[in-house]
Every structure is written in C-alpha cells, then in structure tokens.
Number of protein chains: 2
Amino acid sequence: MAEPQHKRQKTDKKYELLYHPRIPGRGEYVRLALEATGTQFVDVANQEEGGYAKVQAVFDPKSVGDEHGNPPAFAPPILKVHGEGKEGKDLVISQTSNILLYLGSKLGLIGSQEHELYIVNEIALTALDLSDGAHDTHHPLASVKFYEDQKEAALENSKNFREVRIPKFFSYFERVLKSNEAEGKGRHLVGSKLTYADTTLWQVLDGVKFAFPKEVDARQDDYPLLLGTFYGGLKQEKWLAEYLESDRRLKYSMGVFRHYPELDRQ
Amino acid sequence: MAEPQHKRQKTDKKYELLYHPRIPGRGEYVRLALEATGTQFVDVANQEEGGYAKVQAVFDPKSVGDEHGNPPAFAPPILKVHGEGKEGKDLVISQTSNILLYLGSKLGLIGSQEHELYIVNEIALTALDLSDGAHDTHHPLASVKFYEDQKEAALENSKNFREVRIPKFFSYFERVLKSNEAEGKGRHLVGSKLTYADTTLWQVLDGVKFAFPKEVDARQDDYPLLLGTFYGGLKQEKWLAEYLESDRRLKYSMGVFRHYPELDRQ
C-alpha cells in the first residue's frame, strides 16, 4: 500500500526557505504559499542549528554564486529547490514575487487559465509594493540607520502612507475583489480558487493592521469586501486558522511591519 | 509570395503600451523588451490623439475593471494584448516586472532552459528595485509632494543611495555577470542570449548614470564587467544603437530618473 500523501510530504525536504530568523518579514509571503498547500519545507534559519550562516552565505557580498551554477542572491527571502536547477542540480532563486511565481506554478496557486497567472502576479506585486511602503514608513531615509535617527522623516512618510497610500491601495484591492465578485464571491481576487495573490494580500493586510491599528480600524467600513469578506473569510479557513495558532507563525517585531504608536493615526 | 516578416510586424497592432506620455519612466523597460525583439507596438499616450485619456481610464481610481473581464490596474505601465485574455478577449496586465515576464515568455527573452526564467526574473526584479531606489532619492517622503518640499530628506536619502545602495547593487550585478562569465562573456546576465534581465538592467544603469553622473563616473573602474563589457557592449548592439538614435527614445526629464546636481557626489 502506498504511503499516504500527507505522510510522504512530512518527510519531503525538497524546499528550503532561506530567510532571516525570528521575524515573519518578507519570508512570510513564501511561508503562506507553502502552508496553504500543505507543502513541507525547511525554514532553515529557524529550524537548523547554524542555519542562518547557511542563509548568509547565499547573499554574502563576496559571493559569485554556488557550485550548482546559481548566481548570488541580492537579499532574502531565497528558495532552494533540490534537483530542479541547471542539469538537475539545485535551483536557488530569490525575490519574493519570483519565489511566489515559482511555487505558485508548482503548487497550483496561479488560477486555472493561462492568462490568470499574469493577473495573479500583478496583484501580488502590488500587494508587495504596499508591504514595501509600510517598511519605508519607519525607514524613509536609509535602511541601514536606526529608526530613531530618522524619526522626523518617518512621521512625515507615515502621514502620507496613512492618508494617501492606504486608501489608494485599499480602494484598488476592493475594486479588484468587486471586478471578480461573480467568481470569487469577495473571497478570492482571481477566479474562484485560492491563489498566491490571496495569500500575499492577506499577509500584507495583517501586517498593516498590526502596524497601523487605529488607521485601519477607522477605515474598516469603507472596504467591506477587502477587510470583511476577504480578510476575515481567509482567516477562518482551516489551514490558515491552524497555522496562526501554531508555533510556526512568528510574531511581528523588528521586521517590515512594526508598531510605533506615534506613526499611527492619533 | 508571403509578405516579409518585417513588414508584417509593422502593421501588427497586437500590443499596446499604456503609459504616461513624454517620459521614459518605467514604460522604458517595456519598450526595450519590444524594441530588442523588433516587435511592433502602439505607444498609446505618445502616438494616439487623446491616447492618455485611454491610459488613464485603466487606472482610474473608480474603475472596477473592463468589459473584457480584466481587473483595474493600480498604475502604469500597463500592457494590452489583443485576443489573449479571458475567452479570447483582450488581456490587460500591469506591473513592470509582470509585463516583462509576459513579453519575455512570448518574445523569447527568458533564456533557453526552464529554470533560467526564474533567474532572469529575479535579476530584473532586483534591477527594478534599484530603479525604485533612484526614484525615492528625490521623493523620499511622499510621491504626491514636490521635490522642493522634501529636499532636505532627499539630500539624506541620496547620500545613502550613493554611498550604500549603488555599491551594493553594482557589486551584486558585477558578481552575477562573473558567475555567468563562461556562457555570457560579461555581455549577458543569464545564459548566452539576450534576456529581459539584460534590457532591464541596461536601462536602470543608463538612468542611474543620467541622475548621478559624478557618482557613477567615480566608480567606473570598480565594476569592469558591469559598466564596461555589459553596459558598453549592449549599447553598441545594432538594435539598441538604432533605437537610441531614433525619435522613439524619449528624453529623461521629470520621471523616475532626474538629474538634480545637488543630489550627486559633490
């Protein structure tokens, strides 16, 4: 008798996620795509002893690539896929949306028709732009400097983010859900099934709610599909509810999404 | 006798580029992929009377999509492809890297092996991150405000961009070229043929050189493959040399890449 699918997956080490340890960050977009499909993976920096050194080697500023023919990475998240690279060696790819594109194609998160892939990808990319915007609210001048050393600029950037960017992005996503309402019922952005646009947007919303709770709360009723049907509905799906309860879900802290009360609506 | 390929392409209106008029901007990454493959397209805002109104309708903040079943776009560039969308209707897609992914796949700019697509895409995405960083040097606080109203923050952001970001990105691209030197000879980032990673990085370099001429000049010798073999070599390729001489190549002005001498190395 064949081993059950579930059990087989539990011992499958095909996918390795290489990311900074202890924060959700941009690694979370990749984790959600894997969790949504019940795909086993190794979260290297969080699960292997000395794992972060292995991660750092891939984006080491002196690296000229690896023995599998992969170029160096600019920054994490990075995905390693055993046996899927050049001449059957390992594939090592980076850039969040690129990893999602790869996993989405392999794991069935890109919709059911060819053209849908590009709609899924554009929505995920736009969600990731909102994620980058949230990062820039606390680091508008230089990522390498402390928040405290750019606080004045952060206050200005955040004001614009809350007053201009949040409504612009939320309105866009609300209208995308509206445009697909016949098929997606407000629960899916593209077609009638879960895609990586859904998982990615969900995480961005969750992060923005964490960073700017008062701002999002004040706008709750303006985006009923987005913040109600979509965000709330997905959160109740079994796989996501279970994941959020598990110790695999890392807590927000000093990553992309940070809660500085002074940057929120006063 | 069949019509020559060149002539057929000249009357093919399959691809429409929807972008702001009169600036290269992010539309230029799409234009280069089309120019590199000799693909005829309509640059709607620059070539059609009243074209920009047609562009604006697609990202109108009230749009809930079009009659072809496409969702609204967040922002240009946007690509319209006749007959390639839902049930043979028109496909309308946005996000620069997503359009490049689509065109790259259709026009042969994604390398020759399956895994190469993801390497091409990650490098193009990283080049576009550098492009976004160049934009943020003059607009670190809010895109909707004038440069003059955020000049102090712009001076700080630019200092970091020149001293930290430029060498970090340039070093990365130099090492990618190095990692592929056996096949690409320093002229191609992935494999031995032109991909949209090449065309995209070339345009970013050209824009950064325009915006920060002194800074790039001072670093010229540090990146011989990138700024010499790759940038210089591609510029001499027939299609690019001809395009740069043509009136289709728009001049830099108030777009992503701007030359404010006070932001450059002093």
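## Two interfaces

Domain 1 of chain A and domain 2 of chain A bury about 1800 Å² between them, with carbon and sulfur atoms giving 66% of that area. Buried area is the accessible area (1.4 Å probe) that two parts lose on being put together, summed over both. A:Tyr29, A:Leu32 and A:Glu35 supply 33% of the area that domain 1 of chain A buries against domain 2 of chain A, more than any other three residues.

This is a predicted model, where local features need pLDDT of at least 70 and side-chain atom pairs count only at pLDDT 80 or more, while totals for chains, interfaces and linings use all residues. Residues are numbered from 1 along each chain as its sequence is written, chains are lettered from A in the order in which they are written, and side-chain values use heavy atoms, without hydrogens and water.

**Between the domains.** In chain A, domain 1 covers 5–107 and domain 2 covers 116–255; such bounds come from an automatic or database domain assignment. The centres of the two domains, taken over C-alpha atoms, are 23 Å apart. Contact (heavy atoms within 4.5 Å) joins 16 residues of domain 1 of chain A to 25 residues of domain 2 of chain A.

The rule finds 5 residue pairs in polar contact across this domain interface, both residues at pLDDT 80 or more. A polar contact is a pair of N or O atoms within 3.5 Å; within protein, one must be able to donate a hydrogen and the other to accept it, and residues adjacent in sequence count only if both atoms are side-chain atoms. On the domain 1 side, helix 2 of chain A gives the most, with 6 residues. Helices (H or I, at least four residues) and strands (E, at least two) are DSSP runs, numbered from the N terminus.

**Between the chains.** Chain A and chain B each bring 55 residues to their contact. About 4600 Å² is buried there, 57% of it from carbon and sulfur atoms. A:Phe74, A:Tyr118 and A:Arg175 lose the most area in chain A, together 18% of what that side buries. Polar contacts link 24 residue pairs across chain A and chain B, both residues at pLDDT 80 or more. Helix 7 of chain A gives the most to the side facing chain B, with 14 residues.

**Salt bridges.** A salt bridge is a side-chain nitrogen of Lys or Arg within 4 Å of a carboxyl oxygen of Asp or Glu. Two examples follow.

| Salt bridge | N to O distance |
|---|---|
| A:Glu28 and A:Arg249 | 2.8 Å |
| A:Glu156 and B:Lys145 | 3.3 Å |
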